[in-house]
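Here is a friendly walk through the structure, written for someone meeting it for the first time. Please keep the viewer open while you read the numbered points.

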Protein chains: 4
Amino acid sequence: MNLSNAIFIPGPTNLPERIRRAIDLPTVDHRSPNFASDLKAIFRQVQNILKTDNGQIFIFPATGTGGWEAAIANTLSRGDRVLACRHGVFSEKWIHLCQHFGLEVDVIECDWRGPANPDLIEAKLRSDPRGEIKAVLVTHNETATGVRSDISAVRQAIDSAGHSAMLFVDGVSSIASMDFEMDTWGVDIAVAGSQKGFMLPAGLAILGVSQKAIASGATADLPRFFFDFRQMMQTTSSGGFPYTPPMQLLAGLNESCKILLEEGLDAVASRHFFIAEGVRRAADAWNLEVCAHDRSFASDTVTTIFVPEGRDSNQLTLHLHQKYQMSFGVGLGQFAGQVFRIGHLGQLSIPNMLAGLATIEMAMRDLDYPINAGVGVAAAQEWYRIPISVKPAAGLLSECGVISDE
Amino acid sequence: MNLSNAIFIPGPTNLPERIRRAIDLPTVDHRSPNFASDLKAIFRQVQNILKTDNGQIFIFPATGTGGWEAAIANTLSRGDRVLACRHGVFSEKWIHLCQHFGLEVDVIECDWRGPANPDLIEAKLRSDPRGEIKAVLVTHNETATGVRSDISAVRQAIDSAGHSAMLFVDGVSSIASMDFEMDTWGVDIAVAGSQKGFMLPAGLAILGVSQKAIASGATADLPRFFFDFRQMMQTTSSGGFPYTPPMQLLAGLNESCKILLEEGLDAVASRHFFIAEGVRRAADAWNLEVCAHDRSFASDTVTTIFVPEGRDSNQLTLHLHQKYQMSFGVGLGQFAGQVFRIGHLGQLSIPNMLAGLATIEMAMRDLDYPINAGVGVAAAQEWYRIPISVKPAAGLLSECGVISDE
Amino acid sequence: MNLSNAIFIPGPTNLPERIRRAIDLPTVDHRSPNFASDLKAIFRQVQNILKTDNGQIFIFPATGTGGWEAAIANTLSRGDRVLACRHGVFSEKWIHLCQHFGLEVDVIECDWRGPANPDLIEAKLRSDPRGEIKAVLVTHNETATGVRSDISAVRQAIDSAGHSAMLFVDGVSSIASMDFEMDTWGVDIAVAGSQKGFMLPAGLAILGVSQKAIASGATADLPRFFFDFRQMMQTTSSGGFPYTPPMQLLAGLNESCKILLEEGLDAVASRHFFIAEGVRRAADAWNLEVCAHDRSFASDTVTTIFVPEGRDSNQLTLHLHQKYQMSFGVGLGQFAGQVFRIGHLGQLSIPNMLAGLATIEMAMRDLDYPINAGVGVAAAQEWYRIPISVKPAAGLLSECGVISDE
Amino acid sequence: MNLSNAIFIPGPTNLPERIRRAIDLPTVDHRSPNFASDLKAIFRQVQNILKTDNGQIFIFPATGTGGWEAAIANTLSRGDRVLACRHGVFSEKWIHLCQHFGLEVDVIECDWRGPANPDLIEAKLRSDPRGEIKAVLVTHNETATGVRSDISAVRQAIDSAGHSAMLFVDGVSSIASMDFEMDTWGVDIAVAGSQKGFMLPAGLAILGVSQKAIASGATADLPRFFFDFRQMMQTTSSGGFPYTPPMQLLAGLNESCKILLEEGLDAVASRHFFIAEGVRRAADAWNLEVCAHDRSFASDTVTTIFVPEGRDSNQLTLHLHQKYQMSFGVGLGQFAGQVFRIGHLGQLSIPNMLAGLATIEMAMRDLDYPINAGVGVAAAQEWYRIPISVKPAAGLLSECGVISDE
């Protein structure tokens with residue numbers, strides 16, 4: 001019997017009913033005139049979600065990795081230098097991608113339990129007076145560690161250094177869930193994926209690209225065809241698509257944008273903070289360490305939690321899967337076996353989140369963790385039931401009155 | 001945003017994915033030869049679920065109330081006497097129906113916190129030496145009170161009295177969830193509805209009818225046409241239906257029977273006991289009274305719980321609905337305002353059930369009930385996480401090893 | 001492989017995508033406040049579709065047959081006389097139902113290839129000066145013969161006779177497809193079913209009941225409980241339902257009404273005339289006789305066509321089903337084996353209809369009917385492709401410019 | 001009102017009900033052990049469909065264009081020479097892609113109304129004694145022209161020339177519809193897309209890759225990351241995926257493969273020939289020219305038809321779309337405005353196909369084409385209704401007894 005528990009991996013998220021229905025679309029003729037106007041409407045909504053006025057939107061039938069590739073292949077040339085922080089497996093993977101494309105990557109090694117380091121970025125840029133570094137790559141939310149980086153601070157670092165490098169941001173697990181301000185933060189390329197905050201299945205790489213980044217394509221010599229910005233701009237501007245468009249996911253994206261904009265981006269971010277804070281309080285009640293050293297950088301879409309020393313976190317996640325049919329994220333990279341990750345982005349009701357916490361508790365007690373039944377749940381309950389105005393730790397949200405809006 | 005919490009009313013139940021898909025059927029020609037064989041297969045499966053070899057199955061596009069009506073209209077005549085226990089609003093409603101049809105109902109008033117009383121039934125039947133009482137009506141599971149009656153004991157009472165009355169059982173909220181043995185218990189008519197243990201939307205009245213009850217139709221003079229057993233038997237036996245059949249719900253019923261029989265009826269009953277027992281333990285931890293005086297008669301499909309004296313249970317259920325978007329059953333009849341009801345039949349995972357209990361706790365704390373956060377959840381967790389062999393209170397199930405089977 | 005041909009039985013109809021989605025609804029709490037307002041909105045829309053201001057709407061989880069039963073059980077008493085025309089198996093069945101309930105039915109035998117006869121009705125009523133006849137029963141559209149009756153003329157007959165009998169109309173296969181005017185025609189009870197013009201699965205009996213008919217219930221002594229108007233009015237007026245409501249079909253009905261009212265009832269009727277006329281022209285091109293003697297009474301929802309003498313129409317429909325997986329209606333009653341029926345109500349595009357006609361042609365040629373390939377299709381094509389203003393035979397529709405509206 | 005006509009573009013195809021359901025999947029944990037075994041089963045089935053024993057299967061969340069890119073980026077180096085025939089817009093596009101990646105393309109210009117020319121290929125290869133040409137690129141089925149190429153003959157040409165070039169085949173609009181034999185024909189890379197014969201939405205590039213082609217990757221220096229074979233092989237062989245896999249489309253592909261293999265690849269090909277031949281006979285009856293000069297190379301998935309001289313084919317397709325809500329393919333490239341294309345691949349019943357042909361006829365008569373109503377339909381009907389054994393023009397299929405299997 002399908003017990004249909006919510007899923008607690010940090011993406012893909014649980015699919016809201018409205019989105020499943022939007023995706024479950026009979027075949028549509030993509031050369032009909034309707035497609036052109038639909039696509040324009042989707043682009044406009046994605047602009048709103050990225051908070052950009054003039055950023056050009058690109059949507060490829062791919063994943064976030066494809067988005068990373070599109071970002072660099074359309075703007076850079078073989079041998080170009082880029083600067084990137086490594087503090088988790090996803091920031092690391094983007095570095096590898098650049099290396100595969102023949103770029104020279106200046107890697108700043110950061111603490112995996114902290115954010116990208118703006119000071120080191122500034123220092124590095126200052127040491128490049130000739131402006132050889134073409135782009136700074138930052139992972140907004142490291143899905144592996146549950147640590148958020150401060151993109152605004154990175155922008156300030158670049159500006160303080162007086163450097164002209166473009167700012168490329170991996171927002172795959174932050175955009176459409178946490179606060180993201182493409183124009184205000186001066187982001188040149190923002191990369192998102194359909195299966196995180198947009199609450200869709202995987203299959204779309206979504207990018208916001210500044211005019212500066214587009215202009216850089218004129219001289220970029222890295223080869224691209226499937227991910228070519230020029231071909232995509234040309235066909236979509238005349239109502240077409242360079243190849244058969246993924247109509248079902250585009251219909252889903254349209255619905256997703258509507259859902260998000262109906263709720264309001266601030267409310268969406270508040271809701272994610274609110275849910276996440278309950279999880280962090282449960283972790284505290286369990287006496288387990290949250291990965292983010294500085295709680296003000298803790299992610300609102302995924303919480304990475306250390307198991308007690310000497311324990312294997314894979315045993316816990318496997319037990320949760322086998323006995324309780326519930327999925328959580330495993331530890332990745334240098335934290336493999338040491339942490340488990342609770343994804344809490346997209347559609348998740350408070351009762352769903354409590355079900356997840358209660359089930360972790362049962363599993364930990366099954367495995368003789370030194371934890372009393374109900375303690376984490378109780379800590380979360382007490383947080384969740386008081387929807388008074390709360391000041392999120394990150395200082396980004398002025399108020400959190402979410403329950404009444406749900 | 002649809003947060004899609006599970007629903008905790010005692011029917012209709014949450015719809016399993018497999019059943020939603022089976023129901024979502026394009027139009028089918030009901031005069032095609034396939035229909036005849038499909039219907040036969042459904043009848044056979046329903047026989048298995050009712051545990052009857054020769055009981056004739058009837059399925060009407062109606063609800064359980066229609067099933068009550070079909071039961072009496074096809075077997076009795078104006079002025080006939082029937083015997084019935086009143087111990088909840090649903091047993092009461094069947095009595096009213098009989099009265100509307102001009103039957104004389106001998107009502108045995110029972111404690112609403114207990115089951116139908118076999119001793120009083122036996123005594124009443126002994127006082128009818130001429131056999132004027134044509135049928136004994138019993139509600140197997142009073143959905144209003146969460147009290148199960150012992151049908152086997154009622155059968156023994158009838159037999160001890162040496163009486164020839166037929167035994168009609170309302171099994172709407174028990175069949176396909178709790179143990180039900182039509183042949184062993186000598187049930188002449190069993191009435192079920194699609195929206196309870198069968199986990200379908202409302203819209204089907206499902207009956208098992210003994211040959212004795214069918215034979216009684218020859219002299220029954222109550223009028224019937226839509227609910228006529230004769231017309232239904234005649235048309236379905238030749239592969240038809242007396243009117244347009246509800247194909248979608250029949251397809252759903254077919255799937256539902258498959259799901260139930262794949263799991264096994266004993267496992268289904270064990271699972272319901274297992275889930276229910278966790279709820280009862282939570283109630284105990286909350287120091288709230290379960291309606292059923294005798295725990296061995298507590299229902300495994302719905303738990304009726306008294307709020308502390310002086311409190312209005314409607315305030316609690318309304319608060320749960322408005323603040324947490326979660327639905328529970330309200331008090332009915334003489335218990336209106338005094339109890340709330342937790343439906344836990346059909347598809348409900350352990351995490352789902354814990355979500356329900358955690359949410360009740362939050363609501364009770366919001367309303368200043370003298371309850372600590374997490375205590376009910378903890379009691380349930382400790383029960384749910386130990387899937388060792390357990391002896392259900394009802395004595396019906398020898399073992400309960402459900403988690404590994406799910 | 002499911003080739004998903006359209007279905008051409010006269011109900012249930014093909015399910016429009018929008019309706020399938022509306023029906024595919026997760027479980028909803030029927031005791032929540034939303035239900036009351038939703039139900040009221042549905043009632044209002046059904047009133048619009050029946051064209052009644054004060055007619056009370058009743059919706060039972062049943063079929064049209066249940067609607068027939070509800071109509072008489074709530075208004076009449078054992079031994080009452082009713083007047084009915086018999087000119088097809090469905091008018092005949094309603095007569096049987098009345099007889100099962102102990103009513104005395106004055107049956108007017110009419111030509112099965114024509115409508116109910118207003119002159120004979122008037123004559124019969126004139127011969128009842130004491131007003132013993134309580135109701136006149138008319139089948140608006142005989143689904144077996146494809147003949148429409150003129151309800152307005154029947155009303156005039158009753159009025160001319162100066163008789164007080166109520167007018168009960170079976171509109172199961174006409175309402176929501178063909179013109180129906182409850183108030184203008186003075187209909188006291190209109191019976192509809194979900195699976196015809198409303199394009200839903202079977203499972204709802206839908207009635208419009210005049211205040212006069214409701215008032216007649218005060219003295220009506222036929223037993224009723226499941227179909228009781230009083231209980232239904234009482235519970236629905238206070239936001240409830242007498243038993244678990246069929247939420248999924250109600251949601252579907254809501255959507256269906258929206259679809260119909262968005263298109264406009266006149267446009268709906270025009271569209272049905274337009275599609276039907278193409279079918280009749282195909283029949284003419286095939287040199288086959290349409291059942292309706294007088295073409296102005298030909299139904300716009302189903303066309304009944306005689307096969308050439310000496311042929312068995314069941315062979316044709318079986319061949320269509322087995323070789324081409326396409327369903328058409330068989331002959332019923334005295335026309336069994338002599339006619340086949342093409343249902344063309346609800347959602348059917350012109351291409352779909354042409355597919356049906358082309359397939360019949362192939363089947364007829366397979367069986368050596370004296371017919372050339374393409375002739376029926378060509379006749380229909382030439383009709384369908386000219387969406388100029390057309391005067392429907394029935395004189396009900398002033399114009400038919402449907403294609404541009406689709 | 002959604003009239004839900006079938007769609008007649010040459011992909012994406014109409015979505016079979018079974019596939020829509022398979023795709024409409026709740027979120028699944030892609031790191032669970034089930035994923036690994038599911039993926040293996042899919043790979044095996046795709047191997048069966050490509051008819052390859054040792055060809056490695058790759059599935060990327062992309063489109064056929066991504067498949068073209070993956071094919072060359074994983075096997076070739078900047079400056080490598082490849083040989084390709086240009087005889088339609090899709091063969092042309094692959095050539096452009098190669099040029100974007102810095103390959104030197106030897107283009108053989110072929111007649112757009114004919115296939116790739118094996119003789120010219122052989123001649124070209126013979127003129128390359130040093131083996132500088134690394135790969136021959138052939139489009140199996142030019143979707144723009146409806147002309148099939150003979151891949152077996154191309155293989156023979158390569159072998160006759162004694163050349164070691166790899167053979168890359170674009171089978172996007174042929175694979176899973178028409179006969180395709182990867183191993184027998186010595187295909188090194190076969191590229192397919194989800195939205196054609198697999199009857200899925202666009203979103204998957206599916207490749208079969210020979211061991212020789214994989215080995216060539218060791219020295220290939222074109223950059224790739226998203227489309228990297230090595231990373232894909234490494235992760236999938238250990239049960240993972242290099243990024244979030246498109247679970248819904250993979251579930252759909254699994255179902256699609258089941259459907260195809262249940263029917264049998266020969267039956268699938270026969271069915272496509274059978275449907276296509278009816279379309280060609282209709283074109284003949286209309287006195288319109290089919291694009292393929294040599295009927296034995298006419299595609300069985302799409303038929304490209306010339307409108308009479310002096311007419312604009314775009315007017316016809318636009319009229320079909322606007323008046324009849326039916327979609328057909330437009331002319332592309334040098335045939336823009338001169339041809340329309342009827343896609344007839346994937347799920348299409350005979351009645352559906354006749355509906356398409358009947359509708360084209362109406363549109364052509366609306367536009368005063370010199371055509372009689374019904375003539376094309378009649379020609380197709382007479383073909384479709386005789387399911388005797390037929391010898392397909394292409395000589396590939398021994399028998400065509402498809403109707404009885406459908």
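1. Where in chain A is A:Thr13 found? A:Thr13 lies in the segment before helix 1 (17-23) of chain A. Helices here are DSSP runs of H or I with at least four residues, strands are runs of E with at least two, and both are numbered from the N terminus. Before going on, please note that this is a predicted model, in which local features need pLDDT of at least 70, side-chain atom pairs count only at pLDDT 80 or more, and totals for chains, interfaces and linings use all residues. Residues are numbered from 1 along each chain as its sequence is written, while chains are lettered from A and ligands numbered from 1 in the order in which they are written.

2. Staying with A:Thr13, is this residue buried or exposed? A:Thr13 counts as buried because it has 27 C-beta neighbours inside 10 Å. The cut-offs are 20 or more other C-beta atoms within 10 Å for buried, 12 or fewer for exposed, and partly exposed in between, with C-beta atoms placed from the backbone. Leaving aside residues up to four places away in sequence, A:Thr13 touches A:Gln195, A:Lys196, A:Met199, A:Leu345, A:Gly346, A:Gln347 and, from another chain, D:Thr27. A contact means that the C-beta atoms of two residues, placed from the backbone, lie within 7 Å. A:Ala161 is 148 residues from A:Thr13 in sequence, and their C-alpha atoms are 39 Å apart in space.

3. Next, chains A and D. Chain A superposes on chain D by a rotation of 180° with 0.0 Å of shift along the axis, at an RMSD of 0.0 Å. The two copies are thus related as by a two-fold rotation axis. In chain A, the C-alpha nearest that axis belongs to A:Ala62, at 2.6 Å. Both copies use the same surface, since 100% of the contact residues of chain A recur in chain D.

4. Which helix gives the largest share of the side of chain A that touches chain D? The contact takes 45 residues from chain A and 45 residues from chain D. On the chain A side, helix 3 (64-73), helix 4 (89-100) and helix 9 (247-263) each give two or more residues. The largest share, four residues, comes from helix 3 of chain A.

5. Now look at the sheets of chain D. One is an open sheet of seven strands in the order 1-9-8-7-4-2-3, with mixed pairing. Strand 1 (56-60) and strand 3 (104-109) of chain D stand at its edges with a single partner strand each, so one side of each has no neighbour in the sheet. Strands count as paired if DSSP finds at least two bridges between them. Strand 2 (residues 81-86) and strand 4 (residues 133-139) of chain D pair in the parallel sense over four bridges. Another open sheet of chain D has three strands in the order 10-12-11, with antiparallel pairing. Its edge strands are strand 10 (302-306) and strand 11 (329-330) of chain D. Five bridges join strand 10 to strand 12 (residues 339-343) of chain D, and D:Thr303 stands opposite D:Ile342 in strand 12 of chain D.

6. Finally, helix 3 (residues 64-73) of chain C deserves a look. This helix is mostly covered, with 10 of its 10 residues buried. One of these buried residues is C:Trp68. The buried residues of helix 3 of chain C pack against elements including strand 1 (56-60) and helix 4 (89-100) of chain C.

Key: Copies are superposed by least squares on the C-alpha atoms of residues with pLDDT of at least 70 in both.
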